[in-house]
Amino acid sequence: AGGDGKELSWTDYFRLCVYQPLDNRHATKNVFAAQQWFDHPLGLEAAAFHRRFGFGATTWGSGWRKGARPPDGLEAGRPYVDLLRNNRIECLITTCFNWKLADMSNPRGWTEVTPEMEAAIEDFAYRYAEGLPPDVFRGVAFSNEDERSGLPSSGRYDEYFKAQSAAIRGAKRRYPELRGAPTHGTFMYAPKSTSGLAISNYLRVSREKGFRYDMVGIHCYGLCDKPGRPDLDASLAYLRADMARYGYGPETRICISETGNNSFTRIPEWDCNGWGDDYLREKPSYAWGLKELDYSAEYVRQYLTVLKHWPQVESLHPWVTPYWRDGELTPTALAIGVNALGNLLPDCRYVADIRPVGTVRGFAFDRLATGDALAAVWSVDPGHADGTLPPKCLRVPLPKDAKIADFSGNVNPVQLDGNGLCSLMLTQFPVYIIAPNAKALANAINGAESYDLSDNLTVTCAPDESGMVNLSIANRVSHPFD
């Protein structure tokens with residue numbers, strides 16, 4: 001009973017999900033990576049869930065029972081490998097060395113890599129690769145988030161290269177098809193940061209040693225498209241240019257093997273305070289608050305940013321909590337958003353950026369499977385994410401045969417006024433516009449005007465030393481005012 005003596009009742013609410021199932025056969029499937037949490041009673045159903053919603057990749061795992069040293073534990077890990085294989089989920093990168101299982105000291109304290117250590121690393125990686133069949137496991141690296149360990153952090157990249165290359169040699173000796181990367185991922189990649197400089201030096205040394213990596217792994221914690229935060233799009237452009245300096249072109253794939261780690265709610269009593277590692281559990285139900293909307297929209301925008309740089313940037317993997325479902329396999333908005341992208345952009349080619357006004361961003365793509373175009377557009381205004389602002393409205397000239405799809409992939413004809421303008425309502429959730437030509441579509445949206453004058457102009461007024469007042473008006477849109 002309640003405090004007033006009245007009887008209280010409990011109501012269960014259930015979410016109805018309507019979606020177009022995928023089968024992980026679309027060309028862009030590996031863009032949508034997710035942690036594979038299959039070691040529970042619903043493991044078979046969870047793997048099928050990932051396939052149906054279009055999560056086609058992951059970036060951790062092996063065919064070994066956890067904690068087992070080769071050759072023990074291989075049979076115990078086989079069901080996991082079969083789950084990945086049967087649902088066409090590829091593990092794009094994992095580590096192939098474990099210092100504890102190899103009976104060696106922690107690499108973070110190494111001051112040198114002796115010939116004996118190189119041989120031991122290569123031998124362990126060769127034996128460990130037995131559990132990494134290359135039809136499921138695609139890439140390997142010596143270690144993870146290691147740029148702050150002893151040798152790299154002291155600038156001794158040449159010495160550390162001996163360990164990196166030995167692990168790759170060993171794994172490739174067992175399976176030549178495996179791709180080698182300098183690291184599973186740097187901690188927080190950003191241009192000219194500690195992590196960014198580490199990647200540059202790993203590639204520099206490889207060129208000097210006549211050794212070639214097949215792929216590059218990075219972790220992009222903190223990168224997104226929000227104002228005042230490091231920009232994911234700009235950072236990927238910098239990385240691609242930096243790789244090209246050392247002879248690594250578009251054929252060298254980039255895997256964002258970890259990113260995000262936002263918690264799906266905040267419950268301080270459960271140590272769930274915003275950082276995902278503090279609450280490594282599944283949601284008992286999807287009814288955990290409005291934060292689901294914010295992280296779902298943010299991760300789908302990050303997937304769209306990867307599609308701009310695809311296929312060289314081949315994947316993005318939000319770490320670590322299963323944001324896409326609850327404990328009973330009820331899909332969240334993120335699963336719906338990924339499924340929509342898999343259906344709308346199963347194969348695509350980036351054409352143009354969309355930046356019509358200050359906080360509006362997006363990309364235009366050719367849809368290769370259908371021969372038409374799609375533009376994804378959204379707002380990065382923080383007020384939309386926290387619910388304090390109404391949607392942003394743009395007036396966009398669109399062709400009569402254009403269509404608009406929402407975040408869930410529901411497609412409807414465009415609604416135009418008497419002047420041929422569409423009132424496009426934007427929030428943090430991408431809106432998708434389908435039209436015949438990508439360049440024309442991007443030009444039309446970039447020529448849009450906002451109903452909010454603060455989007456169009458920045459006005460500043462300040463006194464100078466003479467006592468005069470200076471008025472400054474700056475154009476914030478992507479085209480001149482008439």
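**Cavity, salt bridges and sheets**

Author: A cavity here is a set of points, on a 1 Å grid over the protein atoms alone, where a 1.4 Å probe fits but cannot get out; its volume is the space filled by probe spheres set on the points, which are joined across faces, edges and corners. Please keep in mind that this is a predicted model, in which local features need pLDDT of at least 70 and side-chain atom pairs count only at pLDDT 80 or more, while totals for chains, interfaces and linings use all residues. Residues are numbered from 1 along each chain as its sequence is written, and side-chain values use heavy atoms, with hydrogens and water left out.

Reader: Which helix gives the most to the lining of the largest cavity?

Author: Lining residues have an atom within 4 Å of a point, and helices (H or I, at least four residues) and strands (E, at least two) are DSSP runs, numbered from the N terminus. At least two lining residues come from each of α7, α8 and β10. With three residues, the top contributor is α8.

Reader: How many residues of that lining are charged?

Author: Asp, Glu, Lys and Arg count as charged; Ala, Val, Leu, Ile, Met, Phe, Trp, Tyr, Cys and Pro as nonpolar; and the others, Gly among them, as polar. The lining includes Asp231, Arg301, Arg361 and Trp378. Four of its residues are nonpolar and two are polar, while the number charged is five.

Reader: Which residue forms a salt bridge with Arg361?

Author: A salt bridge is a side-chain nitrogen of Lys or Arg within 4 Å of a carboxyl oxygen of Asp or Glu. For Arg361, the closest N and O atoms are 2.7 Å apart, and the partner is Asp231. This pair links distant parts of the chain, 130 residues apart: Arg361 is in strand β10 (residues 360-367), and the loop between β6 and α7 holds Asp231.

Reader: Is Arg361 buried or exposed?

Author: Buried means under 20% relative accessible area, exposed over 50%, and partly exposed in between (1.4 Å probe, protein chains only). Arg361 has a relative accessible area of 9%, so it is buried.

Reader: What separates Glu159 and Lys162 in helix α5?

Author: Their side chains meet in a salt bridge, at 3.1 Å from N to O. Glu159 is buried at 14% relative accessibility, whereas Lys162 is partly exposed at 29%. The two are three residues apart in the helix, so the separation is about one helical turn.

Reader: How many residues apart in sequence are the parts that Arg169 and Glu118 tie together?

Author: These two form a salt bridge with the closest N and O atoms 3.5 Å apart. Arg169 lies in helix α5 and Glu118 in helix α3, so the parts they join are separated in sequence by 51 residues.

Reader: What is the bridge partner of Leu394 in β17?

Author: The sheet in question is open and antiparallel, with the order β15-β12-β17. Two bridges join β12 to β17. Across from Leu394, the partner is Ser450.

Methods. 1 Å grid on protein atoms, 1.4 Å probe; cavity = no way out; pocket = protein on both sides within 12 Å on 5 of 7 lines; lining within 4 Å. Pairing = 2+ DSSP bridges.
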